[in-house]
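Please read this briefing with the sequence and the three-dimensional structure side by side.

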Amino acid sequence: MVDEVVDRFYAQIGTQPQLMQIIERTSNVERLKETQRVYWLSLAKGKVDDVYIAERIKIGQVHSRIGLTTDYYLGSYLVYLDIAADLLKQIVPDHWVQVVHALSKMFNLDSQLVLEAYEMKEKEKISNLATDQQKMLEAITGAVQELT
């Protein structure tokens with residue numbers, strides 16, 4: 001099932017030129033598919049510990065760094081949920097709703113962690129910009145004082 005979910009997901013991603021540009025600039029589809037397979041298997045473990053949380057935060061930081069917007073990131077959970085629900089209806093017709101609810105809870109936790117990482121990374125970018133602007137202002141002020 002995991003391979004089918006990931007393959008369908010990237011088939012859908014392939015229809016989005018902006019996303020494909022990011023992928024082509026930073027990685028490749030086959031590498032990302034493998035990363036997503038590992039992600040899906042980690043969900044099946046149901047183990048949320050410090051390592052799991054740290055990994056989600058790292059993922060958020062990477063996505064922020066490569067320029068993937070939170071809209072696309074959050075939208076990916078909905079795409080995954082739709083794909084999984086479709087497959088689970090076929091595989092476990094009597095229990096697919098419970099599995100989808102469990103997935104939704106995991107996705108909610110993941111998205112919260114990732115969004116916090118995005119926010120931290122964005123604040124860091126803003127702080128760096130402010131520092132750079134301050135240095136530039138000091139340099140300009142010094143140059144103006146020398147000229148006068």
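Are Trp40 and Phe107 buried or exposed? Both Trp40 and Phe107 are buried, and the points below place these residues within the rest of the chain. Please keep in mind that this is a predicted model, in which the chain averages a pLDDT of 86 and 99% of the residues score at least 70.

**Confidence along the chain**

- Among the elements of the chain, the highest mean pLDDT belongs to α1, with a value of 93, whereas α6 has the lowest, with a value of 81.

**The nonpolar core**

- The largest nonpolar core has 30 residues, and those with the most contacts inside it are Ile13, Trp40, Leu43, Leu68, Tyr80, Leu103 and Phe107.
- At least two residues of this core come from each of the helices α1 (2-13), α2 (17-26), α3 (29-45), α4 (50-66), α5 (70-91) and α6 (96-147), and the helix that gives the most is α5, with 9 residues.
- As background, in soluble globular proteins nonpolar side chains tend to be buried together.
- When residues up to four places away in sequence are not counted, Leu43 touches Tyr52, Leu103, Met106, Phe107 and Asp110.

- Gly14 is placed in the loop between α1 and α2, and its relative accessibility of 43% makes it count as partly exposed.
- Gly14 and Gln145 are 131 residues apart in sequence, and their C-alpha atoms are 56 Å apart in space.

**Aromatic pairs**

- A search of the whole structure finds 6 aromatic pairs; in one of them, the rings of Phe9 and Tyr10 have their centres 5.1 Å apart and their planes at 90 degrees, so this pair is edge-to-face.
- Both partners of that pair are buried, since Phe9 has a relative accessibility of 5% and Tyr10 has a relative accessible area of 11%.
- The rings of Trp40 and Phe107 have their centres 5.8 Å apart and their planes at 90 degrees, so this pair is edge-to-face.
- Because Trp40 lies in helix α3 and Phe107 in helix α6, the pair ties together parts that are 67 residues apart in sequence.
- Ring pairs link Phe9, Tyr10, Trp40, Tyr73, Tyr77, Tyr80 and Phe107 into a cluster.

- The 22 residues of α5 should span 32 Å at 1.5 Å a residue, and the C-alpha atoms at its ends are 31 Å apart, which agrees.
- The buried residues in α5 are Tyr73, Ser76, Tyr77, Tyr80, Leu81, Ile83, Ala84, Ala85, Leu87 and Leu88.
- Ser76 is found in helix α5 and counts as buried because its relative accessibility is 15%, a value below the limit for buried residues, which is under 20%.
- Although Ser76 and Phe9 are 67 residues apart in sequence, their C-alpha atoms are 8.3 Å apart in space.
- Lys89 also has its place in helix α5, but Lys89 is partly exposed, with a relative accessible area of 42%.
- The C-alpha atoms of Lys89 and Leu19, which are 70 residues apart along the chain, are separated by 29 Å.

**Leu113 in helix α6**

- Leu113 has its place in helix α6, and at 10% relative accessibility Leu113 counts as buried.
- Leaving aside neighbours within four places in sequence, Leu113 is in contact with Ile53, Arg56 and Ile57.
- Leu113 and Gln12 are 101 residues apart in sequence and 24 Å apart in space, taken from C-alpha to C-alpha.

How values were computed. Residues numbered from 1 in each chain as written. Predicted model: local features only at pLDDT ≥ 70, side-chain atom pairs only at ≥ 80, totals over all residues. Heavy atoms only, no water. Core = buried A, V, L, I, M, F, W, Y, C linked by side-chain atoms within 4.5 Å. Buried < 20%, exposed > 50% of the residue type's maximum accessible area, 1.4 Å probe, protein only. Helix = DSSP H or I, 4+ residues; strand = E, 2+ residues; numbered from the N terminus. Contact = heavy atoms within 4.5 Å. pLDDT = per-residue confidence, 0-100. Phe/Tyr/Trp six-rings, centres within 6.5 Å; stacked < 30°, edge-to-face > 60°. Expected span 1.5 Å × (residues − 1).
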